[in-house]
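Here are my notes for you to read alongside the model.

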Amino acid sequence: MSASLAASGRTSLFNPHHRALITKKFLPNGRSAGMPRRSFVSKGIAISVFCSLLSATPAQGMERLPFKPEGYNFWTWRGHKIHYVVQGNGTPIVLIHGFGASAFHWRYNIPELAKKYKVYALDLLGFGWSDKAVIEYDAIVWRDQVSDFMKEIVREPAILVGNSLGGFTALFTAAELEQQVLGLVLLNSAGQFGSPSAQNTNTEEQSIINKFIINPVKEVLQRIILSFVFWQSKQPARIESVLKTVYINTSNVDDYLVESITKPAGDPNAGEVYYRLMARFMTNQTKYTLDSLLSKLSCPLLLLWGDLDPWVGPGKAARIKEFYPNTSIVNLKAGHCPHDEVPELVNGALIDWLSSLQLNPAPLHTL
């Protein structure tokens, strides 16, 4: 989840009984030809896949990660306690949650993926069961955290999977660790494309006024407003209400999900972390743009996109593919968190895509 919590003629069929993705490739004459699942990636260029969902309550009967109030495993990074979950064996997959969430947001994905892969899910610093460090948060902090997690805990090349803010973190990490990332999966990723017309027009006089007059006043007002917003936003009823605006099928907005968000919010430092994130990090996302990171990417990319997301629409997914052709797209009738709203279909699409890749990673001698 991100941005507060966390949110035409393309046709395809999904067979929920066989988990087969049957896509249609539109020919110049308007006719269509079926394409097998293995056509996800051909000669290094990925083919877009468009998928419709037919299941109303996909989580019914699915295995779910047990909720542990005390958390699972902990790793010390730069003096801070970092929480993570690990299950299974095989090629590693690292799951990265969005804003306000935690490793528990992958509750329906971890058990299923762990049947074929070694699955890690970690809590970013400042979120979940990880420490609420009172630091200056920047995208580099989480990129470094994930990079070091791969070096110290995973210790071999992996697939990175991220939702929203976690998607942007996964992209940032993959762009910098070319040899360590086998593939990248983004679910309704945060981040924005740069504006070529954007220019810094601040004069020295304007900078002085901002530093000594405008910014101090703005910070006081922000603290007052954001303190109230945080107090309100951590109330269970409010969390449930916000979740229901970004989940199209709200059947999975349950006590488990709400508690996984409210419990970390009770940390004494949670309010200060929230203020620093909202007042500083979230208002300065133009420093690292999607186009600048995609230009450094070299691995296959899969976009699992909830098209009904009220915050991040399918247009962004289409633009990412246009910029980075080695991209497969699975469009889902879901909101901002498709991995939790329609987990069975996300798991199936992800496993199909992974099966199409020739994953035979060598150990990381550089780690």
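1. Cys 337 is buried, at a relative accessible area of 0%, and Cys 299 also counts as buried, at 5%. Here buried means under 20% relative accessible area, exposed over 50% and partly exposed in between, using a 1.4 Å probe and protein chains only. The structure holds zero disulfides, a disulfide being a pair of cysteine sulfur atoms within 2.5 Å.

2. A word on the basis: this is a predicted model, in which local features need pLDDT of at least 70 and side-chain atom pairs count only at pLDDT 80 or more, while totals for chains, interfaces and linings use all residues. Residues are numbered from 1 along each chain as its sequence is written, and side-chain values use heavy atoms, leaving out hydrogens and water.

3. Do have a look at Leu 304, in strand E13 (residues 301–306); helices (H or I, at least four residues) and strands (E, at least two) are DSSP runs, numbered from the N terminus. Leu 304 is buried, with a relative accessible area of 1%. Leaving aside residues up to four places away in sequence, its contacts include Val 185, Leu 187, Val 330, Pro 338 and Leu 350, where contact means heavy atoms within 4.5 Å. Leu 350 is 46 residues from Leu 304 in sequence, yet their C-alpha atoms are 8.2 Å apart.

4. Helix H2 (residues 139–154) is largely enclosed by the rest of the structure, because twelve of its 16 residues are buried. Among them are Trp 142, Arg 143, Asp 144 and Phe 149.

5. At the ends of H2, Asp 138 caps the N-terminal side, with a side-chain oxygen 2.9 Å from the backbone nitrogen of Ile 140. Just after H2, Arg 155 has a positive phi of about 65 degrees.

Key. Polar contact = N/O pair within 3.5 Å; in protein donor to acceptor, adjacent residues only side chain to side chain.
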